[in-house]
Amino acid sequence: MIDLIANFSYIVSAALFIYGLKMLGSPATARKGNILSSIGMLVAVVAALVSDGAAFEIIAGGIIIGAAIGLLAARLVAMTSMPEMVALFNGSGGAASLLVGWATLYQSTDAGISGFTAFTIALAILIGGLTFTGSLIAYGKLSEKLNSAAFVFSGQRLLNGLLLLAIAACVYRFCTDPAADSVYLYGLLGLALLLGIMAVIPIGGADMPVVISLLNSYSGIAACAAGFAINNNILIVAGSLVGASGIILTNIMCKAMNRSLANVLFSGFGAVKVGKAVEGEVKPVSVEDAYYILEAASNVCFVPGYGMAVAQAQHVVKELGHILEANGCEVSYAIHPVAGRMPGHMNVLLAEADVPYEQLVEMDDINPRIENVDVAIVIGANDVVNPSAREDEDSPIYGMPIINVDQARTVFVLKRSMASGFSGVDNPLFFGENTRMLFGDAKESISGVIGEFGS
Amino acid sequence: MDIVFLTFILVLAVFLGFELISKVPATLHTPLMSGANAISGITLAGAFLAAGISGNDMANWLGGAAVTFATINVVGGYLVTDRMLSMFKSKRSTGK
């Protein structure tokens with residue numbers, strides 16, 4: 001009877017997850033959608049507690065500790081550190097699935113563990129473990145605790161290939177004779193954790209949006225596998241919803257870089273191809289001159305990149321946008337899908353600075369009308385506005401869709417120095433006829449321009 | 001039969017997931033991701049079962065750790081998503 005009620009509650013919570021995800025599709029309803037989905041979670045958790053919960057001390061202890069950590073982390077994290085926070089949450093989801101799969105082995109049944117169940121347990125451990133360590137490495141790279149560049153060494157592919165073979169062997173041996181004290185179980189555990197590390201170290205900082213969405217997908221698939229292991233519908237439904245959403249995001253990110261998923265995961269973005277060296281004259285501009293140009297402009301478009309997050313410049317950017325609007329100028333913010341370190345990174349930062357979401361425009365919306373933009377202000381973005389992607393067939397980023405700021409009437413590029421972007425590719429934009437470089441810290445430069453408006 | 005039934009659910013849910021997510025605008029990619037991530041903490045429901053397996057300390061420890069990790073995922077994920085979404089404002093509501 002209790003099982004029946006629990007299962008009906010799972011149906012309710014699945015419906016709430018689905019409806020909540022649907023509402024997350026529009027900015028106006030997104031917040032309600034998230035709340036609906038959290039109610040769905042509450043329903044599922046209560047139902048599970050009532051039907052399965054025997055060890056209340058352990059469960060209560062785990063919930064209190066987990067809730068305290070989650071609460072503090074969610075409250076205290078700065079918006080600019082959101083990518084690494086999401087990575088950590090992904091990792092803890094993966095770890096939970098691994099542990100659930102593992103613990104299921106100790107559940108004594110008369111019939112023993114079937115081959116199918118053993119296989120799903122192995123999958124939960126494998127995917128959960130790989131999500132856990134992969135996310136930790138992603139966290140390290142995003143928070144700059146580890147070197148964020150791609151880490152590639154010779155024989156890496158061979159080693160990874162052997163690792164996969166060893167994992168396959170462990171899974172096979174474990175499934176033929178599943179037991180909680182199987183050597184192959186421990187082998188699998190260790191190898192899965194190692195695989196997570198090996199999978200993420202060769203991926204460089206700018207490819208992080210792909211990795212984060214992929215790990216997100218894995219955490220869902222791991223929950224799904226754990227659901228199969230313990231015969232639980234709601235884990236399967238919720239896990240596969242998350243898995244599917246992560247895959248879609250991954251795909252969008254890959255398309256935005258014009259690279260295949262395999263290329264992102266395995267190539268380590270080797271600077272094998274070298275594009276044409278770019279030569280020309282850089283035309284710097286002073287804060288004062290920038291002010292005169294902006295004062296006369298009637299259509300200004302900001303193009304932010306990861307550099308804006310580093311300089312914490314979103315608030316001054318918004319302030320300048322506000323002043324320009326008061327000056328009778330049309331202001332928009334053009335955001336490339338892979339700008340920043342996770343999908344939608346720039347949107348979150350600008351939202352934090354109170355930019356209304358109607359002003360955030362996507363690449364495909366701004367490009368057709370970029371010629372009407374008087375001034376495009378590039379802040380901390382490089383590869384996503386590099387015209388080589390359009391023109392230079394030898395360039396490593398050739399074919400990647402970009403925001404065509406070089407076609408705007410004037411381009412300001414805010415930059416610390418003349419170093420090239422993450423991909424190490426020269427950017428002909430800096431030498432363009434209509435480009436003016438505003439050297440220095442983005443935040444200070446913009447504050448300077450704002451000061452000019454004030455005086 | 002169980003396997004068929006569970007796989008059936010899996011396949012339908014995957015299709016549903018693809019349908020639901022494919023139209024989300026880029027502006028909401030981060031909240032979508034962290035909101036979905038919170039849902040993946042559903043493993044919590046499974047963790048209770050593991051924590052309650054009787055007569056085996058190892059299983060209970062593993063289950064307790066799973067409860068902790070999954071709760072971090074759920075609580076943190078939902079709160080951080082809510083915090084982000086509360087910042088997304090329309091032109092009208094900012095009053096400018």
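**Notebook: chains A and B**

Entry 1. I began with what lies over helix H3 of chain B: the cover of its buried residues includes H2, H3, H4, H8 and H9 of chain A, along with helix H4 (57-85) of chain B. Helices (H or I, at least four residues) and strands (E, at least two) are DSSP runs, numbered from the N terminus. I call a residue buried if 20 or more other C-beta atoms lie within 10 Å of its own, exposed if 12 or fewer, and partly exposed in between, with C-beta atoms placed from the backbone.

The model is predicted, so I note its limits: local features need pLDDT of at least 70, side-chain atom pairs count only at pLDDT 80 or more, and totals for chains, interfaces and linings use all residues. Residues are numbered from 1 along each chain as its sequence is written, while chains are lettered from A and ligands numbered from 1 in the order in which they are written.

Entry 2. I then checked H3(B) itself, which covers residues 43-51. Nine of its nine residues are buried. Among them I listed Thr43(B), Ala47(B), Phe48(B) and Ala50(B).

Entry 3. What does Ala66(B) touch, leaving out residues up to four places away in sequence? I found Thr43(B), Ala47(B) and Ala50(B) in its own chain, and Ala96(A), Leu99(A), Val100(A) and Ala103(A) in the other. Contact here means that two C-beta atoms, placed from the backbone, lie within 7 Å.

Entry 4. I looked up the whole contact of the two chains: 98 residues come from chain A and 78 residues from chain B. Elements giving two or more residues to the chain A side include helix H1 (2-23), helix H2 (30-52), helix H3 (56-76), helix H14 (345-352) and strand S3 (360-362) of chain A. H9(A) gives the most, with 16 residues. By class, I noted 60 nonpolar, 31 polar and seven charged residues on this side. Ala, Val, Leu, Ile, Met, Phe, Trp, Tyr, Cys and Pro count as nonpolar, Asp, Glu, Lys and Arg as charged, and the others, Gly among them, as polar.

Entry 5. I followed H9(A). This helix has 24 residues and spans 35 Å from its first C-alpha to its last, close to the 34 Å expected at 1.5 Å a residue. The expected span is 1.5 Å times one less than the number of residues. Why is H9(A) largely enclosed by the rest of the structure? Because 21 of its 24 residues are buried.

Entry 6. I went on to the loop between H9 and helix H10 (261-267) of chain A, where Asn258(A) sits. Asn258(A) is not a glycine, yet its phi is positive, near 55 degrees. I put it down as partly exposed, because it has 14 C-beta neighbours inside 10 Å. Glu144(A), also a residue other than glycine, has a positive phi of about 65 degrees. Its loop runs between helix H5 (115-142) and helix H6 (156-176) of chain A. Glu144(A) has 11 other C-beta atoms within 10 Å, so it counts as exposed.

Entry 7. Chain A is split into domain 1 (77-267) and domain 2 (287-454), with bounds from an automatic or database domain assignment. Their C-alpha centres lie 36 Å apart. I found 19 residues of domain 1 in contact with 18 residues of domain 2. H4, H8 and H9 of chain A each supply at least two residues of the domain 1 side. That side has 14 nonpolar, five polar and no charged residues.

Entry 8. Of its 201 residues, Leu188(A), Val303(A), Val378(A) and Ala66(B) touch the most other members.

Entry 9. Last, I traced the strands of chain A; two strands pair if DSSP finds at least two bridges between them. S1(A) and strand S4 (residues 375-379) pair in the parallel sense over five bridges, and Phe302(A) has Ile377(A) as its bridge partner. S2(A) and S3(A) pair in the parallel sense over three bridges, with Ile335(A) opposite Glu362(A). Five of the six residues of S1(A) are buried, and in S2(A) five of six are buried.

Notes. A nonpolar core is a set of buried Ala, Val, Leu, Ile, Met, Phe, Trp, Tyr and Cys residues joined through C-beta atoms within 7 Å.
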